[in-house]
Amino acid sequence: MKFRAVAASALALALAAGLTGCNLISPQRTTMEYAASDGVHASVGDLEVRNALLIVDSDTQDVNEANLVLSVITESDTPATLEVAIDGGSTVSIPVEKTGANKGLVKVGFDEADAQIVTGKFRSGDTVNVTFRSAGSEATATVPVLGADNPENVLDEYKTLAPSQIQPSDAAETATPAPVATENEAPAEETNE
């Protein structure tokens, strides 16, 4: 009877050790840092760049314009400027300030932020080297280029961020002004046709 109990305990211990042994040699996912989205991350001095990517209109040809999409996080109360240099293309400066409304988060190229159109040589599915600079610090990242017309490779949220889909925020709406009556004229009557 004792032999069966000892054998059962030994078998249970061997089985438990065999099943949990994988965790001894496998890396834990929670200890590895990685970009959990389509874009890439970079640290530049006091600034943290998150989910940087480029959105282009076409998935099938080389294009010269892309919308730069990223978020910048700062914990510093001192205003800063993030310079983004596209390899072989344009360079843009993004003011970063921790204000009451944004609490240190600056969105670029999406949501309520204006589009940030950059120039260069872009093709969907490729990557482009981008250099981020701020306050004497510099970081280079390989940023993905996503084409807005490929439904298999692009999230629906990104389709509206393509350069051809973006309407300039400062464009004045064209409206026909209502006729104004002078002192000697009666106001114009509205007609419903």
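## Close-up views of a predicted protein model

In this protein, 59% of the contacts with a separation of 6 or more are between residues 24 or more positions apart. Keep that in mind as you look through the views below, and remember that the model is predicted.

View 1. Starting at the N terminus, the order of elements is α-α-β-β-β-β-β-β-β-β-β-α. The protein has 193 residues, and 30% of them count as buried. Its accessible surface is about 13,400 Å², with 51% of that belonging to carbon and sulfur atoms.

**View 2. The largest nonpolar core brings together 29 residues.** Which members touch the most others? They are Leu54, Leu82, Val84, Phe122 and Phe132. Take Val84 as your guide: setting aside residues up to four places away in sequence, Val84 touches Leu68, Ser90, Thr91, Val92, Ile94, Val130, Thr131 and Phe132. Apart from this core lies another one, of seven residues, including Leu53, Ile55, Tyr158 and Ala162. As a general pattern, nonpolar side chains in soluble globular proteins tend to be buried together.

View 3. Look for Val63, whose bridge partner in strand 7 is Phe122.

**View 4. Ser71 sits in strand 3, which spans residues 63-74.** Is Ser71 buried or exposed? Its relative accessibility is 13%, so Ser71 counts as buried. Across in strand 6, Lys107 stands opposite Ser71. Leaving out neighbours within four places in sequence, Ser71 is in contact with Glu48, Val49, Arg50, Leu105, Val106, Lys107 and Phe110. In a regular strand, side chains alternate between the two faces of the sheet.

**View 5. Ser76 lies in the loop between strand 3 and strand 4 (80-86).** Because its relative accessibility is 18%, Ser76 counts as buried. What does the side chain of Ser76 reach? That side chain reaches the backbone nitrogen of Thr78, at 3.0 Å. Beyond its neighbours within four places in sequence, Ser76 is in contact with Asp46 and Lys98.

**View 6. Asn51 and Ala135 each have a positive phi.** Most residues other than glycine have a negative phi. Asn51 is not a glycine, yet its phi is positive, at about 50°. Ala135 is not a glycine either, and it has a positive phi of about 50°. Where do these two residues lie? Asn51 is in strand 2, while Ala135 is in the loop between strand 8 (127-134) and strand 9 (137-147). With a relative accessibility of 79%, Ala135 counts as exposed, because the cut-off for exposed is over 50%.

Definitions and conventions:
Residues are numbered from 1 along each chain as its sequence is written. This is a predicted model: local features need pLDDT of at least 70, side-chain atom pairs count only at pLDDT 80 or more; totals for chains, interfaces and linings use all residues. Side-chain values use heavy atoms; hydrogens and water are left out. A nonpolar core is a set of buried Ala, Val, Leu, Ile, Met, Phe, Trp, Tyr and Cys residues joined through side-chain atoms within 4.5 Å. Buried means under 20% relative accessible area, exposed over 50%, partly exposed in between (1.4 Å probe, protein chains only). Contact means heavy atoms within 4.5 Å. Helices (H or I, at least four residues) and strands (E, at least two) are DSSP runs, numbered from the N terminus. Accessible areas come from the Shrake-Rupley method with a 1.4 Å probe; for residues, only the protein chains shown count as cover. Two strands pair if DSSP finds at least two bridges between them. A polar contact is a pair of N or O atoms within 3.5 Å; within protein, one must be able to donate a hydrogen and the other to accept it, and residues adjacent in sequence count only if both atoms are side-chain atoms.
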